[in-house]
2 protein chains.
Amino acid sequence: MNAADLGLPVAVPSTALFTDQYELTMLQAALRGGTADRRSVFEVFTRRLPEGRRYGVVAGTGRVLDAVENFRFDDAMLAFLRERGIVDEPTLAWLAAYRFGGDIWGYPEGEVYFPGSPILRVEGSFAECVLLETVILSILNHDSAIAAAASRMSAAAGGRGLIEMGARRTHELAAVAASRAAYVGGFDSTSDLAAGFRYGIPTVGTSAHAFTLLHDTERDAFRVQVEALGRGTTLLVDTYDVGEAVRTAVEVAGPGLGAVRIDSGDLLLVAHRVRQQLDELGARDTRIVVTSDLDEYAIASLAAAPVDAYGVGTQLVTGSGHPTGSMVYKLVARADSADPTAPLRPVAKRSLGGKMSVGGRKWAARRLDAEGVAEAEVVGTGAVPEELAGRLLQRQLVKAGEVVAREPLEAARERHIAARAGLPLSAVQLSRGEPVLPTEYVTP
Amino acid sequence: MNAADLGLPVAVPSTALFTDQYELTMLQAALRGGTADRRSVFEVFTRRLPEGRRYGVVAGTGRVLDAVENFRFDDAMLAFLRERGIVDEPTLAWLAAYRFGGDIWGYPEGEVYFPGSPILRVEGSFAECVLLETVILSILNHDSAIAAAASRMSAAAGGRGLIEMGARRTHELAAVAASRAAYVGGFDSTSDLAAGFRYGIPTVGTSAHAFTLLHDTERDAFRVQVEALGRGTTLLVDTYDVGEAVRTAVEVAGPGLGAVRIDSGDLLLVAHRVRQQLDELGARDTRIVVTSDLDEYAIASLAAAPVDAYGVGTQLVTGSGHPTGSMVYKLVARADSADPTAPLRPVAKRSLGGKMSVGGRKWAARRLDAEGVAEAEVVGTGAVPEELAGRLLQRQLVKAGEVVAREPLEAARERHIAARAGLPLSAVQLSRGEPVLPTEYVTP
């Protein structure tokens with residue numbers, strides 16, 4: 001993927017209103033109270049993985065960088081805030097000049113994570129950091145949920161093709177982000193043209209049942225499709241009778257037919273029958289694509305079936321039972337004054353009720369066992385133990401407001417495959433279990 | 001809500017690539033095969049409600065109208081399709097001139113629906129209708145899922161306030177649509193500024209734990225907040241000890257304090273204690289807002305607690321266990337030729353496997369019993385029985401390509417409240433059950 005493949009914008013011009021109102025009211029109060037400029041460290045982490053999941057997948061980091069760059073209040077937005085009386089004039093003036101000028105460190109995209117992993121760290125004045133909470137969490141919680149489901153599906157699929165087809169089951173722009181996250185998690189292509197346009201993801205798709213129904217006979221439909229798209233196309237064979245359709249398909253396209261798609265019925269049974277029929281008709285290289293309500297378990301159950309590619313929709317874009325992450329954005333350290341040299345003091349919520357946090361600016365490293373397999377996620381404050389210095393997970397993503405770590409999507413995808421391969425084998429078991437790595441805290 | 005409140009754009013300039021590739025390849029094949037101009041009728045419906053749900057809520061209709069209007073292929077999009085070789089030159093030329101010129105009828109936004117309800121009907125040439133499948137389904141499946149969850153929550157909340165706070169748990173633009181759908185389903189306000197900006201939904205929000213942690217003491221934080229935002233503000237009282245925080249809050253703001261927010265712990269217990277404490281401190285009008293992982297069941301369980309408003313996040317924007325609808329977009333009738341006077345022939349997929357459809361262009365009506373309560377969703381082809389003529393549900397939304405039914409969001413919200421009130425009382429029971437109305441089919 002070259003620089004041109006970084007894609008074209010399918011995005012709103014500004015991300016500044018993807019913000020919960022309390023961020024602006026806190027800003028106003030802090031500006032007035034003289035505490036807005038206290039140097040602050042916010043961290044993104046999750047207290048737990050979705051129940052039964054063995055690992056999480058960081059996705060959306062590239063979108064976070066776009067969002068931070070485009071977080072600017074334009075005149076229409078400022079007018080809205082003024083008319084609604086959401087903040088006062090000094091705050092509006094401050095917002096009009098807003099550009100994030102701090103630093104962001106984080107797990108690179110595609111990396112795996114565990115409870116407590118400091119996935120992202122945002123440093124700067126309280127004022128400049130507090131505004132980014134909602135948009136950062138929206139992106140990471142959504143995209144990471146999809147990537148985690150995609151990763152499980154890609155592990156279940158072995159080397160077979162995986163097509164993301166879920167656009168119709170999620171918000172139209174969430175769908176574009178879902179395609180992107182699915183690609184990071186190991187999918188190969190998408191049906192969503194906007195995802196191809198924006199992120200350079202390979203796109204696929206040929207026809208639906210409506211196309212067959214439009215024509216007077218199935219044979220007419222197949223003939224028209226093959227004439228228009230070539231014999232390498234994929235013919236949908238379950239509008240009427242699958243056996244008849246496969247016979248007609250090979251008659252019309254010849255044994256060089258690219259693929260057939262099956263979208264209903266008992267896929268295991270039907271795939272075996274269709275494979276046998278295709279082979280008998282001499283169409284030994286015609287591929288079989290299946291696409292009906294698949295999830296990682298259905299994919300795994302088809303491992304012994306003669307299936308070449310899986311199209312996955314609903315369960316992928318809804319995170320296979322876990323449509324969002326539970327990442328939070330917490331103040332973990334701050335200075336006692338606006339003096340830029342003032343030391344950072346760890347802070348944490350202390351009330352009862354299970355929402356405890358660990359204060360302090362954290363590093364993270366993945367410790368390996370003697371065989372080079374990951375054995376623990378180590379999270380600490382203070383000095384990094386020497387033996388972990390080469391295993392640190394966070395990288396600088398933004399430096400004094402400038403994005404310093406943009407990369408092609410392909411890099412995140414490859415990183416994910418490598419990161420998953422470095423985990424204990426039980427990581428890719430589909431059965432429910434505990435996180436495959438324990439999180440160990442090291443405090444001075 | 002007046003016309004100005006229809007809002008400002010937070011949207012991409014064109015919706016044309018929110019499309020699965022197969023729609024364009026079908027178009028190319030149909031153009032080449034001479035079948036593209038056959039008059040066609042597509043319908044949106046669902047074969048079933050999410051398990052246990054009693055009714056569905058139509059939401060997103062207004063966004064569908066925006067999407068149809070903005071469905072235009074600009075030069076960058078056409079260049080992308082050409083470079084990727086997705087369609088041929090005649091198809092590109094056709095797309096460059098594309099404007100939907102047909103008719104759309106549908107259930108008005110906020111109306112309830114049941115399995116088989118023809119929620120939307122799109123009529124025109126096959127070519128112009130087939131392109132709209134994905135974007136229409138994306139919007140309706142997403143928005144209706146959120147509105148259905150919102151409706152259950154609003155029924156559970158009785159007349160108490162409901163604040164949508166889920167932006168951080170879903171894609172940043174899905175969040176804006178979710179706020180809109182939640183409002184249709186009965187929510188009162190949102191924390192999401194973009195939803196206020198785009199749709200005029202009332203916005204709320206004051207402060208997070210980070211604001212308390214930024215300050216040297218909780219008292220400092222409260223004082224700064226009250227000075228900046230007034231004593232009508234909402235103070236967050238669970239950063240350290242709730243009892244101490246409530247006492248401090250009333251000391252700082254006086255008994256005229258607007259509200260306190262509790263975000264953790266056993267909300268039932270804590271709300272009772274806080275109410276008692278506030279009353280003892282003379283803050284009898286100070287409201288209590290609770291916001292921790294609520295869903296419709298948690299809201300119902302707090303019915304006897306002294307809670308004034310609920311803030312709902314994750315479970316709302318993920319559809320409370322059902323993050324998407326299962327609506328489909330199916331060709332149900334088409335002409336045998338491109339002759340505009342050719343009669344429409346009902347069509348339907350016939351294969352086995354549970355994905356059956358009913359062919360033919362449908363009307364729908366809600367039949368009432370003697371007491372005026374809905375007793376059946378009647379769906380038919382052919383002539384409408386006289387006794388149902390006044391109960392038809394579909395309205396014309398687009399006429400020859402022009403949107404004819406734009407309305408303020410408030411209208412959809414009021415319609416939903418009225419439609420739900422017209423259902424049997426068991427509709428608003430939270431327990432799982434069958435759809436509260438049976439769907440009856442009437443065919444000539």
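Student: How far from a polar atom of the Asn141(A) side chain does the backbone oxygen of Arg168(B) lie?
Tutor: Bear in mind that this is a predicted model: local features need pLDDT of at least 70, side-chain atom pairs count only at pLDDT 80 or more, and totals for chains, interfaces and linings use all residues, while side-chain values use heavy atoms, with hydrogens and water left out. Residues are numbered from 1 along each chain as its sequence is written, with chains lettered from A and ligands numbered from 1 in the order in which they are written. A polar contact is a pair of N or O atoms within 3.5 Å; within protein, one must be able to donate a hydrogen and the other to accept it, and residues adjacent in sequence count only if both atoms are side-chain atoms. Here the distance is 2.9 Å.

Student: Is Asn141(A) buried or exposed?
Tutor: Asn141(A) sits in helix α6 of chain A, residues 133-156; helices (H or I, at least four residues) and strands (E, at least two) are DSSP runs, numbered from the N terminus. Buried means under 20% relative accessible area, exposed over 50%, and partly exposed in between, with a 1.4 Å probe and protein chains only. At a relative accessible area of 0%, Asn141(A) is buried.

Student: Which chain B residues does Asn141(A) touch?
Tutor: Contact means heavy atoms within 4.5 Å, and residues up to four places away in sequence aren't counted. In chain A, Asn141(A) touches Thr324(A), Gly325(A), Ser326(A) and Met327(A). Across in chain B, the residues touched are Arg168(B) and Arg169(B).

Student: Which strands are at the edges of the 7-strand sheet in chain A?
Tutor: This open sheet has the order β13-β12-β1-β5-β3-β16-β17, with antiparallel pairing. Two strands pair if DSSP finds at least two bridges between them. Pairing on one side only, the edge strands are β13 (344-346) and β17 (402-403) of chain A.

Student: Which residue of β12(A) stands opposite Phe42(A)?
Tutor: Strand β1 (residues 39-46) and strand β12 (residues 327-335) of chain A run antiparallel and are joined by 7 bridges. Opposite Phe42(A) you'll find Leu331(A).

Student: At about what angle to β12(A) does α6(A) run?
Tutor: Helix α6(A) lies across β1, β5 (120-125) and β12 of chain A. Axes are lines fitted to C-alpha atoms, for helices over the stretch in contact, and angles run from 0 to 180 degrees between N-to-C directions. The angle is about 140°.
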